[in-house]
Amino acid sequence: MAATAAALAIMGIGWVLAAAFVAARFRRRLRAPRAAVAPEPATILKPLYGAEPRLGDNLRSFQDQHWPAPVQIVAGVQSSDDGALPALDIFGTSIDTVIEPRRHGANAKIGNLINMASAIRHDLVLLSDSDIAVPKDYLDRVAATLAAPGVGAATCAYAGRGDSGIWSVLGAAGISYHFLPSVLLSVALRTGDVCMGSTIAMRRETLDRIGGFARFADILADDHAIGAAVRELGQSVAIAPVIVTHASAERSLGELVRHELRWAATVRDLNPGGYVGLVLTHPLPFALLAAALAPGWSTLALVAAAVGARLGAASVIDRMVGRKTAPRWLLPLRDLLSFGVFVASFFVRNVSWRDTQLAMRKAGRIEIKRA
């Protein structure tokens with residue numbers, strides 16, 4: 001048992017180092033000159049729900065772009081008393097607001113997008129989750145990626161930012177130091193079909209050809225399903241050379257665990273076999289198990305190597321992103337929490353999403369269990 005745990009720890013350390021290497025290479029792509037693209041009018045769809053700590057700042061980042069063409073931002077809510085609305089007041093008419101209570105299936109975000117679709121004015125359409133902030137060259141880089149031959153949609157990898165205290169910082173660390181390198185390594189190895197809600201950019205014609213938003217009204221992993229629909233057209237989904245920011249807002253351990261269990265269970269259902277393989281992304285728990293079962297200098301060295309690999313990889317990610325997501329002392333705790341969520345996710349059949357309990361069904365579909 002100790003030997004097995006040690007072997008898993010060693011393979012996990014190798015994974016962390018490989019992910020750090022890929023992240024370092026992606027950093028070069030981020031620093032490369034932008035491809036030339038003719039600016040054109042764009043519509044950005046922002047489905048909102050509830051108050052978020054820096055919602056106004058996040059929305060403003062989409063306005064503050066080095067993009068000389070008109071940019072229409074459409075913010076949508078499904079209730080006139082939604083907590084997100086006060087953050088929109090300062091924007092006046094510079095943001096188009098859609099308030100429409102009609103539901104369209106179990107996925108509330110997609111239902112919101114269905115209600116917003118009639119407000120789209122431009123051919124270049126971008127969807128982006130409410131908790132995303134972007135740099136000033138975001139539109140430049142996304143539009144250039146979408147303009148490449150054979151590309152039907154462009155998406156963006158993202159790092160975390162904690163906005164609501166220590167638990168949100170711990171959540172952000174999971175995004176920056178676990179999720180982000182996993183995505184980059186998956187893309188480098190061509191082992192996954194990536195399409196993320198941080199950004200999905202496509203042409204209006206492409207959106208119409210995949211059936212609009214209604215096709216995804218009862219799908220939990222709507223971003224992944226949209227990417228799959230684009231690929232069904234014979235087009236690719238490409239990652240733009242820009243890292244955007246996911247603003248974590250969890251205020252308690254329970255809120256953080258519920259959020260991460262929903263993410264983990266979603267990934268599990270998308271690719272069960274590949275998800276099992278993610279056990280190798282958790283070297284520290286196995287190193288600690290090996291040390292507990294066979295105490296000695298070699299297993300203690302293995303624990304030190306697991307911690308050191310994660311700290312080194314985090315430094316690479318921080319340099320790539322241009323800021324530190326979390327203090328280094330949090331990373332061992334983050335590793336143990338990530339492993340706990342990974343194990344628990346195999347037993348999850350119901351998830352919590354924005355005050356609604358959803359039952360997970362076959363083929364990635366969901367039903368409302370309790371609102």
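Guide: We'll go through a cavity, a helix, a loop residue and some aromatic rings.

Visitor: What should I know before I start?
Guide: It's a predicted model, with local features needing pLDDT of at least 70, side-chain atom pairs counting only at pLDDT 80 or more, and totals for chains, interfaces and linings using all residues. Residues are numbered from 1 along each chain as its sequence is written, and side-chain values use heavy atoms, with hydrogens and water left out.

Visitor: OK, how many cavities of 30 Å³ or more?
Guide: One. A cavity here is a set of points on a 1 Å grid over the protein atoms alone where a 1.4 Å probe fits but cannot get out.

Visitor: What volume does the largest cavity have?
Guide: About 60 Å³, taken as the space filled by probe spheres set on the points.

Visitor: And which residues line it?
Guide: Pro47, Lys109, Leu113, Leu127, Ser128, Asp129, Gly197, Ile200, Asp222 and Ile226; lining means having an atom within 4 Å of a point. Helix 4 (108-116) and helix 8 (222-232) each give at least two residues to that lining. Helices are DSSP runs of H or I, at least four residues, and strands are runs of E, at least two, numbered from the N terminus.

Visitor: Is helix 4 mostly covered or mostly open?
Guide: Mostly covered, with seven of its nine residues buried, where buried means under 20% relative accessible area with a 1.4 Å probe and protein chains only. Lys109 and Leu113 are among those buried in helix 4.

Visitor: What caps its N-terminal end?
Guide: Asparagine 107: a side-chain oxygen sits 3.1 Å from the backbone nitrogen of lysine 109.

Visitor: Switching topic, where's glutamate 52?
Guide: In the loop between strand 1 (42-47) and helix 2 (55-63).

Visitor: Why does glutamate 52 count as buried?
Guide: Because its relative accessibility is 19%. Neighbours within four places in sequence aside, glutamate 52 is in contact (heavy atoms within 4.5 Å) with Ser130, Asp131 and Arg354.

Visitor: Now the rings: how many aromatic pairs are there?
Guide: Seven across the whole structure; Phe, Tyr and Trp rings (the six-membered one for Trp) pair if their centres lie within 6.5 Å, and planes under 30 degrees apart are stacked, over 60 edge-to-face and the rest tilted. One of the pairs is tyrosine 275 with phenylalanine 342, tilted at 5.1 Å centre to centre and 40 degrees between the planes.

Visitor: What does that pair tie together?
Guide: Tyrosine 275 is in helix 10 (residues 272-277) and phenylalanine 342 in helix 13 (residues 331-345), so the pair joins parts 67 residues apart in sequence. Tyrosine 275 and phenylalanine 342 are both buried.

Visitor: Which rings are in the cluster?
Guide: Tyr275, Phe286, Phe339, Phe342 and Phe346, linked by ring pairs.

Technical notes. 1 Å grid on protein atoms, 1.4 Å probe; cavity = no way out; pocket = protein on both sides within 12 Å on 5 of 7 lines; lining within 4 Å. Buried < 20%, exposed > 50% of the residue type's maximum accessible area, 1.4 Å probe, protein only. Polar contact = N/O pair within 3.5 Å; in protein donor to acceptor, adjacent residues only side chain to side chain.
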